[in-house]
Amino acid sequence: MAAPIENTFVREVETNTGQFLKIHQLEVGDVGCVVWDAALVLSKYIETPDFKNGELLQGKKILELGAGTGCVGIMAAHVGGDAIITDLPDFVPLIQMNIGENRALLKGSARAQPLTWGQDTVADYYHYIFLADCIYYDESIDPLVKTLVDHCGEDTKVFCCYEERITGNKPQLQRKFFQLISEHFDTEEIPLEHQDSHFRTLGLKSNTEATLVSI
Ligand SMILES: C[S@@+](CC[C@H](N)C(=O)[O-])C[C@H]1O[C@@H](n2cnc3c(N)ncnc32)[C@H](O)[C@@H]1O
């Protein structure tokens, strides 16, 4: 049995219903242990008219990749989606904790599952795949694209929100990601005016929608 998680601090995310999702973050840990801005932008985008204020996700199968705390998948389940929320095995207990914490606020369902990019598959048909701030690691760009391709059906929609970082090798990683993605998907940038008016940031090139054309 995994050790209990201690020393968390909570990030509250207000939803359109006026309820608050409570997302535990770890005081100490790897980058996935806190809610990143890209996750907030994407979570709140789910509640916009582009998703009929979340209604569009009701009963839909959703996969979140590199979920960290699970914020995006939990929001998707809050509005009625059935979400499989994934990350490296070490993050599964934190995601489970956050699903448990918010269970009473979920209209749909949420389940945590380990999924290492490029290695694992969680076989199912997904209507939506969400990823926030995952264009981050040099060694995992190719595996991430493989995982996206492996999990996309003909009509799967992918929403990717990422922080447009300008330091180090990050611009190069972003170019590489979109170059590889363009071999499989059409991408379209979501206009800022479609995003949540409070949770959109000019610094975030957010919510790239990718539709699978052919593999
Ligand atoms: C910058 S964090 C973003 C976390 C969360 N999506 C958010 O925006 O708050 C990147 C996440 O990708 C996960 N990750 C990194 N490499 C991975 C891999 N090879 N397979 C699966 N997840 C991975 C990390 O564990 C981490 O949770």
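1. In this predicted model, Lys146 and Asp150 form a salt bridge, with side-chain N and O 2.8 Å apart. Both belong to helix 4 (residues 141-151); because they lie four residues apart there, about one helical turn separates them. Lys146 is partly exposed at 42% relative accessibility, and Asp150 is likewise partly exposed, at 39%.

2. The structure holds seven salt bridges. One of them joins Lys22 to Glu12, at 3.9 Å from N to O. This pair links distant parts of the chain, with Lys22 in strand 2 (residues 20-26) and Glu12 in strand 1 (residues 8-14), ten residues apart. Lys22 is partly exposed, with a relative accessibility of 33%; for Glu12, also partly exposed, the value is 42%.

3. Asp124 and Lys61 form a further salt bridge, their closest N and O atoms lying 3.1 Å apart. Here 63 residues separate the partners: Asp124 sits in the loop between strand 5 (109-114) and strand 6 (128-132), and Lys61 in strand 3 (residues 61-65). Asp124 is partly exposed at 43% relative accessible area, as is Lys61 at 34%.

4. Salt bridges also connect Asp133, Glu163 and Arg165 in a network.

5. Asp87 is buried but has no salt bridge, the nearest oppositely charged side chain being that of Arg165, 13 Å away. What does the side chain of Asp87 reach? The side chain of Asp87 reaches the backbone nitrogen of Gly68 at 2.7 Å and that of Ala67 at 3.1 Å. Beyond its neighbours within four places in sequence, Asp87 has contacts that include Gly66, Ile95, Gln113, Pro114 and Leu115.

Technical notes. Residues numbered from 1 in each chain as written. Predicted model: local features only at pLDDT ≥ 70, side-chain atom pairs only at ≥ 80, totals over all residues. Heavy atoms only, no water. Buried < 20%, exposed > 50% of the residue type's maximum accessible area, 1.4 Å probe, protein only. Lys, Arg positive; Asp, Glu negative; His and termini not counted. Salt bridge = Lys/Arg side-chain N within 4 Å of Asp/Glu carboxyl O. Polar contact = N/O pair within 3.5 Å; in protein donor to acceptor, adjacent residues only side chain to side chain. Contact = heavy atoms within 4.5 Å. Helix = DSSP H or I, 4+ residues; strand = E, 2+ residues; numbered from the N terminus.
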